[in-house]
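Biologist: I am new to this model. Please pick one part and go through it closely.

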Amino acid sequence: MIFTAFGIFAQVAGAEKSFSLVDLELAGLLDLVGLTIAIWTLWSSLWLPLGGNLLRAFRLISLGALAFALSHLMDTLIQNLQLTNLETATLIHHGTVLTAMLFFVPGLASLADALPDFAAPFPTNPQLRLWPFAVGLALTVGALSFILYGFSFEAEFWAFVGLDGSLVLLSGVCVFLVLRARLGGPIGSSLWFALLGLLIFSLAHPLQAWLYEQETYTPGTLGVLHRAVVIPAFCLFAISITNLGQKLSRSKAL
């Protein structure tokens with residue numbers, strides 16, 4: 001990850017003029033597609049026949065998907081309006097994605113923390129909750145990344161390392177929470193669809209940094225490719241929520 005983040009700075013200095021109008025238009029079109037799917041996901045979550053922690057978890061997942069879509073749309077607007085250079089825009093985008101991931105953790109944590117009450121026939125000792133420490137660490141590192149950014153070339157490099165590392169950390173926390181919840185049936189399969197979408201989305205950003213390092217494509221082309229990679233993640237979020245609602249509705253009708 002260190003080398004991938006370092007590759008951004010080796011190329012970005014002369015890349016500001018590499019964005020063509022076609023690249024920005026394609027990126028904007030893909031952003032609108034992702035936003036449309038995210039709105040559909042949120043709308044579907046409003047009609048889920050669930051309650052309690054389950055409903056809270058899936059609604060937070062849908063809100064996280066909407067936040068992801070808005071973060072990419074904001075990134076495209078910043079580039080179209082030329083409000084800042086590519087390097088700063090990329091840092092802001094990674095920061096907004098890190099913030100959007102915080103929608104997922106509380107919902108998944110509520111499912112995992114409630115599991116002993118659902119599954120155990122007798123009261124059990126509460127398990128140590130490590131996810132708040134992980135979230136606090138990710139937020140601290142993310143904040144320090146923005147504070148250190150701009151002091152020097154090395155500080156800018158470590159700012160990207162910190163943000164990408166925080167994305168990977170929160171992704172690992174979400175995987176752990178889903179594994180700990182151990183939910184099966186349509187609810188469990190829907191959670192795994194959502195988790196797969198989250199992993200695709202979050203890990204696409206270190207992948208984008210690695211592709212910058214290869215210097216095979218222009219930053220504008222890579223921006224379009226990045227959005228093409230994350231569109232399946234939005235589809236997985238939508239499938240997760242929509243299929244769950246349909247299956248639960250059919251089961252209640254029987």
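Modeller: A salt bridge here means a side-chain nitrogen of Lys or Arg within 4 Å of a carboxyl oxygen of Asp or Glu. The model is predicted, so local features need pLDDT of at least 70 and side-chain atom pairs pLDDT 80 or more, while totals for chains, interfaces and linings use all residues. Residues are numbered from 1 along each chain as its sequence is written, and side-chain values use heavy atoms, without hydrogens or water.

The part I pick is helix α2, which covers residues 21-45 and includes L29. Helices are DSSP runs of H or I with at least four residues, numbered from the N terminus. Two salt bridges are present in the structure. One of them joins the side chains of D31 and R227, at 2.9 Å from N to O. D31 belongs to helix α2 and R227 to helix α9 (residues 219-253), so this pair ties together parts 196 residues apart in sequence.

Helix α2 also meets helix α3 (residues 52-81): their axes come within 9 Å and cross at roughly 160°. Axes are lines fitted to C-alpha atoms over the stretch in contact, with angles from 0 to 180 degrees between N-to-C directions. The two helices, α2 and α3, are therefore roughly antiparallel, a term for angles over 145 degrees. Their contact has 15 nonpolar, nine polar and two charged residues. Here Ala, Val, Leu, Ile, Met, Phe, Trp, Tyr, Cys and Pro count as nonpolar, Asp, Glu, Lys and Arg as charged, and the others, Gly among them, as polar.

Key:
Parallel < 35°, antiparallel > 145°, perpendicular 65-115°, else oblique.
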